[in-house]
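Here is a short briefing on a two-chain model. Please keep the sequence and the 3D view open while reading.

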Amino acid sequence: MNQVVQVEKFRKSYGTTIAVDSISFDVQEGEIFGMVGPNGAGKTTTIECLEGLRRPDSGLLRVLGMDPQTESHTLRILTGMQLQQSNLPERMKVWEALDLYSSFYPKTANWEQLLFQLGLEEKRNSYFSKLSGGQKQRLFIALALLPDPQVIFLDELTTGLDPQARHAIWDLIRDIKLKGKTVLLTTHYMEEAERLCDRVAILDHGRIVALDSPEALIRTMGAEERIVFSIDGVLPASFEQALVGVGRLEVQRERVVVHGNVGLKVPLVSEVVTLLTSSGVKFQNLRTEQSTLEDVFLKLTGKEMKE
Amino acid sequence: MKSLFKMTWMEAKLFLREPIGAFFTLVFPLMMLFLFGSIYGNKPTSLFNGLGTIDISVPAYTAMIIATTGLLGLTITMSAYRENGVLRRLRTTPISPLLVLVSQVIVLFLMTTFGMVLLIIAGKLVYHIHFYGNALNVILGFILCSLSFFSLGFVLAGLMPTARTAQVVGMVLLYPMLFLSGAGFPRELLPEAIKNISVFLPLTYVVNLLRGLWVGEAWSHHTTDVIVLASILITGILVSIKTFRWE
């Protein structure tokens, strides 16, 4: 496994605001690496310094072993980028954008094929301004893939897209990984990081507060399971007493949530169902909820991820 | 080279797809020509030293096209590209910012030339305009005037914080200048006091030079014009390099 991206003790501040406070991580060849965190956590600053668009204050940044500041020309040939805020001229057509950008690189992927892969062939003659948000993002992914890059940077890829478009883009990113490319992305959707990334770095206030695979993070930090059900009437006191030692009870009118630890001898769900049955409580819509990265974030930072 | 060609071709298509830019460069000057032609005709008059209204209007309207493309077309395109993130997207590729600027200059120069050619054709066919100059001198003068005003456009695009202010400032500079410099209508018709103001307007020197070369005056008659326009060009290039921003 080769290191594709290397970040060591990287710092960047704007005036008196510290955007990134000495972070270190690396990205291995062929993985999808995600930086997650709320707005202002330092994700975009990090990715833009790696792209050579901004200058770091201190620390070591390497992409494919090269310095993004001094070797930016070579790196721009070898990497693909999708930026958080960028545009094409309104009246540029989809095919024209791909054709034009193809001429910027010494060697490119076949853009006709990219058009097809990204489901844009029907839009090839549409003006950029007439595309939907999802179509624009797909076009930007196509442009990022145009130089047939070894590593691709995606900044806030699915922000502002509806869930359907978001899922379609996730599939595209998985395809990119299958082709052996390395992906470094930022997102403030925890679900996106969880579903898409091999490893995630959770950023908050310019620091990495956790870094591991989503599963490992949830296993070690979000060691909680929830049993959710609804009832008619009130819970008998006997049920509440019996629950002590099993889990924490939370009642929101007819909706009841039992919080408990995972990895117990008897699974939480069977314990709860047994207790409910023995107490004679009629319940409906019982389901279990696993911890998510969202819970991990809450636990790490004491606050919820909000957009 | 391939990317410069593609970029220039693309920008030319974009220019023609933007109705307002194409209108002011290609259509509006013709409308002015036909309007004043229908009022005054092209009879020789002593006011214009034995030339007709249309004879002197063709080089004057050419100056108008140069000023409009330079101060409005170029300024609006460049500042909007920067504001909307078009330049930001280009910056992630290996191309140089110079490519963007050069292709912009080529396209606007070609469109300005096209606008002038339309004026000449219409003037020739409808009003039988007279030309006493040397074609090569007129072309050289036209190139100097165009580049000088384009560099002003880049300066404006670089200095103005937003596309909106760039557009407003461009218009505020352009419209009074069109009328006071003799580009929109003959300076001979202006009162003395206003003629004095025109000394301070860069467009005046474009009108002087083009009208002079059009009737065959020598370059030596126009050293002031050439010095002023060349200084604007050089200062403009230096300032626009200093003030160029990707975002």
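The C-alpha centres of domain 1 and domain 2 of chain A are 43 Å apart. The bounds come from an automatic or database domain assignment, which gives domain 1 as 3–219 and domain 2 as 224–290.

This is a predicted model, in which local features need pLDDT of at least 70, side-chain atom pairs count only at pLDDT 80 or more, and totals for chains, interfaces and linings use all residues. Residues are numbered from 1 along each chain as its sequence is written, while chains are lettered from A and ligands numbered from 1 in the order in which they are written.

**Chain A overall**

- Chain A holds 11 helices and 13 strands. Both are DSSP runs numbered from the N terminus: helices are H or I with at least four residues, strands are E with at least two.
- The C-alpha trace of chain A spans about 75 × 45 × 35 Å along its principal axes.
- Of its 307 residues, 40% count as buried. Buried takes 20 or more other C-beta atoms within 10 Å of a residue's own, exposed takes 12 or fewer, and partly exposed is in between, with C-beta atoms placed from the backbone.
- Take the contacts in chain A between residues at least 6 apart in sequence: 71% of them join residues at least 24 apart. A contact needs C-beta atoms, placed from the backbone, within 7 Å.

**Positive phi in chain A**

- Most residues other than glycine have a negative phi.
- A:Asp148 has a positive phi, near 50°. A:Asp148 sits in the loop between α5 (133–145) and β6 (151–155) of chain A. A:Asp148 is partly exposed because 15 other C-beta atoms lie within 10 Å.
- A:Asn285 also has a positive phi, near 50°. A:Asn285 belongs to strand β13 (residues 283–290) of chain A. A:Asn285 has 9 C-beta neighbours inside 10 Å, so A:Asn285 counts as exposed.

**Where the chains touch**

- Chain B puts 18 residues into the contact and chain A puts in 21 residues.
- On the chain B side, α1 (2–17) and α4 (86–91) each supply at least two residues. α1(B) gives the most, with seven residues.
- The chain B side has six nonpolar, five polar and seven charged residues. Nonpolar means Ala, Val, Leu, Ile, Met, Phe, Trp, Tyr, Cys and Pro; charged means Asp, Glu, Lys and Arg; the others, Gly among them, are polar.

**Helix packing in chain B**

- Helix α3 (residues 53–84) and helix α7 (residues 163–180) of chain B pack at about 175°, with axes 9 Å apart. That angle makes α3(B) roughly antiparallel to α7(B), a label for angles over 145 degrees.
- Contact residues include B:Leu71, B:Leu72 and B:Glu83 from α3(B), and B:Gly170, B:Met171 and B:Leu174 from α7(B).
- By class, the residues of this contact are 13 nonpolar, five polar and one charged.

- Helix α6 (residues 135–159) has 25 residues, so at 1.5 Å a residue it should span 36 Å; its end C-alpha atoms are 36 Å apart, which agrees. The expected span is 1.5 Å times one less than the number of residues.
- α6(B) is mostly covered, with 18 of its 25 residues buried.
- B:Phe154 is in helix α6 of chain B. B:Phe154 counts as buried because it has 23 C-beta neighbours inside 10 Å.
- Setting aside neighbours within four places in sequence, B:Phe154 contacts B:Leu74, B:Met78, B:Leu101, B:Gly236 and B:Ser240.
- B:His130 is 24 residues from B:Phe154 along the chain, and their C-alpha atoms are separated by 35 Å.

Definitions and conventions. Axes are lines fitted to C-alpha atoms, for helices over the stretch in contact, and angles run from 0 to 180 degrees between N-to-C directions. Angles under 35 degrees count as roughly parallel, over 145 as roughly antiparallel, 65 to 115 as roughly perpendicular and the rest as oblique. Two residues are in contact if their C-beta atoms, placed from the backbone, lie within 7 Å.
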